[in-house]
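Hi,

Here is the structure I promised to send over. Have a look at it first, and my notes on charges and contacts follow below.

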Amino acid sequence: MIQSETLELLEWSRLCQHLSTFAATKLGAIASRHLTIPTSKNLSEELLAQTKEVYELESRLNSGLSFEGIQDIGDSLERAQLQGILAGDELLAIATTLSGARNLRRAIDNHEDLAVLTSLVSELRTYPEVEQEIHRCVDERGQIADRASQKLGDIRADVRKTRSQITQKLHNIIQVKSSAIQENIITQRGDRFVIPVKATHKDAIPGIVHDTSTSGLTLYVEPNSVVPMGNQLRQLTRKEEIEEEAIRRQLSEQVAAICPDLEKLLLIVTTLDLATAKARYGYWLKANPPRFINTQANEKITLRQLRHPLLEWQHHHEQGHAVIPVDLLVQPETRVVTITGPNTGGKTVTLKTLALAALMAKAGMFVPAREPVELPWFDMILADIGDEQSLQQSLSTFSGHIRRISRILNELNKNSAELKVLSAENSAEEKVLSAENEENSSLLTPHSSLLTPHSSLSTQHSSLSTQHSSLSTQHSSLILLDEVGAGTDPAEGSALAIALLKYLADHALLTMASTHFGELKALKYQDERFENASVEFDDATLSPTYRLLWGIPGRSNALAIARRLGLNPEVVEAAKQEMGGANDEVNSVIAGLEAQRRRQETKAAEAQKLLQQAEVLYKQVSEKATSLEEREQSLKEKQEVAVQQAIASAKGEIATVIRRLQKGTATAQEAQIATNNLNQIAEKFTTPQQQKPKVGFMPKVGDRIRISKLGQTAEVITAPDSDGELNVRFGIMKMNVKLTDIESLDGQKVEPPPLKQTRNTPQNNVTPPPEAPNIRTSKNTFDIRGKRVADAEIVLDKAISEASGPIWIIHGHGTGKLREGVHAYLKQHSRVKRMEPAAQADGGSGVTIAYV
């Protein structure tokens with residue numbers, strides 16, 4: 001009963017109503033409105049896993065998960081099981097539901113990584129043969145189609161023929177007896193075809209009068225010549241009804257035969273729709289999935305920027321005020337949190353927000369808070385929150401609170417009693433198993449074959465001991481008390497509130513209580529299980545900020561508010577004197593703490609803003625550097641293509657000169673001409689040597705330099721160190737760069753430092769001849785990109801065996817697997833002296849040079 005009262009106080013039904021608006025089916029909406037709270041942590045985690053996977057699936061699908069065609073067929077299934085005959089539209093609803101469920105399963109089966117949803121739909125049977133049979137017999141209007149049976153088709157053909165004969169006969173009578181006809185139309189009365197005849201000419205057309213007009217001037221007559229055909233039509237219509245009923249009975253029997261599977265289908269589809277509604281509601285709330293913490297592992301409750309879901313709905317749909325989030329960070333040793341502060345400051349809203357967050361997590365819903373969302377799984381959530389503001393007597397108000405608190409304590413004691421019973425049962429079983437274990441342990445030595453059962457008994461004993469320990473220490477209830485101890489004498493109410501909170505600290509996992517009693521603030525300094533919190537109040541505007549301040553007790557604002565609202569200053573001063581100066585000192589200390597906290601929060605906000613600006617600037621610089629690298633790579637590729645084209649053209653022109661020399665005997669003059677042509681070709685295709693940059697620049701502190709790779713100008717902060725690095729600043733960013741990466745604003749490069757002479761080096765040593773330069777050509781360059789490591793090793797083995805100098809191996813970057821394989825192969829090869837990455841201009845780390 002008290003748990004139902006708590007749900008009513010927290011307006012849980014209103015939240016469920018909001019949830020139902022995100023459901024796609026009627027059954028899903030009903031399940032959302034009557035959402036139950038799971039009674040086990042495993043069930044909550046299962047529901048939460050369903051919500052997470054549906055949320056992930058919805059993000060992958062363009063149009064989300066579709067429940068099109070699925071209808072509430074529960075009543076139809078119940079009637080079919082009772083051997084009732086279903087109507088055509090009911091049968092059609094069953095067929096569309098089967099089709100919709102099949103589409104749902106297909107959408108989930110395409111994502112095998114969603115294990116929970118895949119397991120959920122694995123037992124879904126959609127009976128395509130039943131669906132096809134229903135669509136064959138029932139058209140889109142829910143009517144039995146002519147194709148349902150040959151007999152029905154023949155009957156309907158006869159019906160159409162007879163109806164056509166009747167209308168043709170009546171048209172003939174209207175033409176012949178036009179003077180007796182009131183209006184040239186054919187109408188129906190019941191299932192009989194009639195024509196309107198003037199009452200004064202009723203004898204001109206003998207027949208059966210089925211109806212009369214209001215004025216009595218018109219008689220609706222079925223001529224005698226048409227009566228036999230009308231009787232025949234009635235008989236055919238009755239045959240048609242009998243045949244349709246037989247077809248619907250046959251289809252209903254097929255449905256009744258698979259009713260258990262169809263009921264399971266409805267359950268699975270409703271579960272999916274409920275999980276989808278939770279995921280979509282969480283997306284709308286900008287909520288995050290919770291994690292249930294282990295209270296035995298000293299994990300703290302973390303709920304940052306927590307928002308009240310009902311206030312969020314009110315803000316978006318009912319033009320309410322913007323929601324002020326609260327931070328709830330409860331340490332593992334804390335059992336009671338007392339919230340103090342002025343009225344209308346948000347104490348009650350904070351209590352409700354925490355309770356709804358715990359209920360939403362238990363129900364498998366996301367919590368409207370910033371990640372990470374971490375809170376315990378509370379087995380009970382009980383509240384005494386009195387929102388009603390009436391003119392009742394203090395005694396009746398106090399009595400109402402006490403009665404509700406008594407029910408809360410009784411529920412806690414009941415839960416504790418059940419735990420004690422389970423603990424006692426496990427303890428008895430533990431003793432029995434222990435005795436058996438001791439008795440059988442003596443048999444272990446002579447009978448070694450009994451070792452296995454004894455081991456299992458020991459294991460069972462250990463597990464029961466662990467379970468017993470967990471049961472005896474389990475207190476996982478959340479208790480919420482609003483204005484605890486209010487409504488009676490302040491001294492007695494304060495004493496009662498202190499005793500109650502101390503009792504709850506021993507019997508509940510977490511208790512949050514709002515109060516105006518100053519004595520409760522001191523509990524924190526007497527017992528580490530207590531913590532203070534307060535709601536902030538702005539003295540300047542005389543309005544609450546709805547922010548929750550942790551570790552700071554609330555201060556009294558009644559006199560300040562009274563003064564600002566115009567109360568006689570003499571009265572206010574007299575009240576201050578009655579309270580004494582000690583209270584002023586306490587309020588001053590609290591005000592100083594609040595001011596200090598605000599300053600720290602302001603500094604933290606400014607630091608966060610600077611960090612965000614730095615992140616934006618870093619992103620911009622990174623994007624620009626990437627763009628420059630891509631541009632450089634593009635220019636290199638274009639240059640390489642141009643060089644290859646120039647080489648091909650030069651080869652063609654050289655071949656032309658050679659062919660011309662090979663024709664006949666070459667004279668000296670012709671040879672000179674060919675030589676001149678070759679020189680012209682060489683000048684034409686030789687790239688002019690670029691002028692080397694100026695050298696001789698050395699940066700000093702305060703100089704403006706240019707970072708070549710980034711294209712940014714910067715200011716030198718520190719002189720170059722021994723490693724050739726210096727610290728520069730551009731904008732608000734600081735970074736270390738190498739001397740080789742910078743230049744002066746007029747393009748001068750840094751002068752390299754002179755090489756130091758070793759003192760012990762003899763002066764008469766002969767300088768070795770310079771090593772021949774390594775030239776990269778198409779013959780000593782091998783492109784193995786896209787190959788597997790095994791295939792690349794074959795290519796490299798052949799290349800190394802034929803090489804007489806260094807070879808260039810192009811393996812690219814990719815995942816790095818090919819590069820690692822190449823390096824491992826080169827290290828173990830006997831002919832490879834060393835290897836190194838190529839210069840940046842030759843491909844950098846995407847190319848390896850092996851010296852053979």
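Glu743 is buried, as its relative accessible area is 14%, under the 20% cut-off. Bear in mind that this is a predicted model. Glu743 makes a salt bridge with Lys749, with 3.5 Å between the closest N and O atoms. Lys749 itself is partly exposed, at 25% relative accessible area.

- Arg125 and Asp261 form one, their closest N and O atoms lying 3.7 Å apart. Arg125 sits in the loop between α7 (115-121) and α8 (128-137) while Asp261 belongs to helix α11, so this pair ties together parts 136 residues apart in sequence. Both count as partly exposed, Arg125 at 45% relative accessibility and Asp261 at 23%.
- Arg14 and Glu11 meet through their side chains at 3.4 Å, N to O. Arg14 is partly exposed at 26%, and so is Glu11 at 30%.
- A network of salt bridges links Asp146, Arg156, Arg160, Glu240 and Glu244.

Back to helix α11, which covers residues 259-285 and includes Glu263.

What about Thr276, buried or exposed? Thr276 is in helix α11 too, but with 0% relative accessibility it counts as buried. Its side chain reaches the backbone oxygen of Leu272 at 2.7 Å.

Cheers

How values were computed:
Residues are numbered from 1 along each chain as its sequence is written. This is a predicted model: local features need pLDDT of at least 70, side-chain atom pairs count only at pLDDT 80 or more; totals for chains, interfaces and linings use all residues. Side-chain values use heavy atoms; hydrogens and water are left out. Helices (H or I, at least four residues) and strands (E, at least two) are DSSP runs, numbered from the N terminus. Buried means under 20% relative accessible area, exposed over 50%, partly exposed in between (1.4 Å probe, protein chains only). A polar contact is a pair of N or O atoms within 3.5 Å; within protein, one must be able to donate a hydrogen and the other to accept it, and residues adjacent in sequence count only if both atoms are side-chain atoms. A salt bridge is a side-chain nitrogen of Lys or Arg within 4 Å of a carboxyl oxygen of Asp or Glu.
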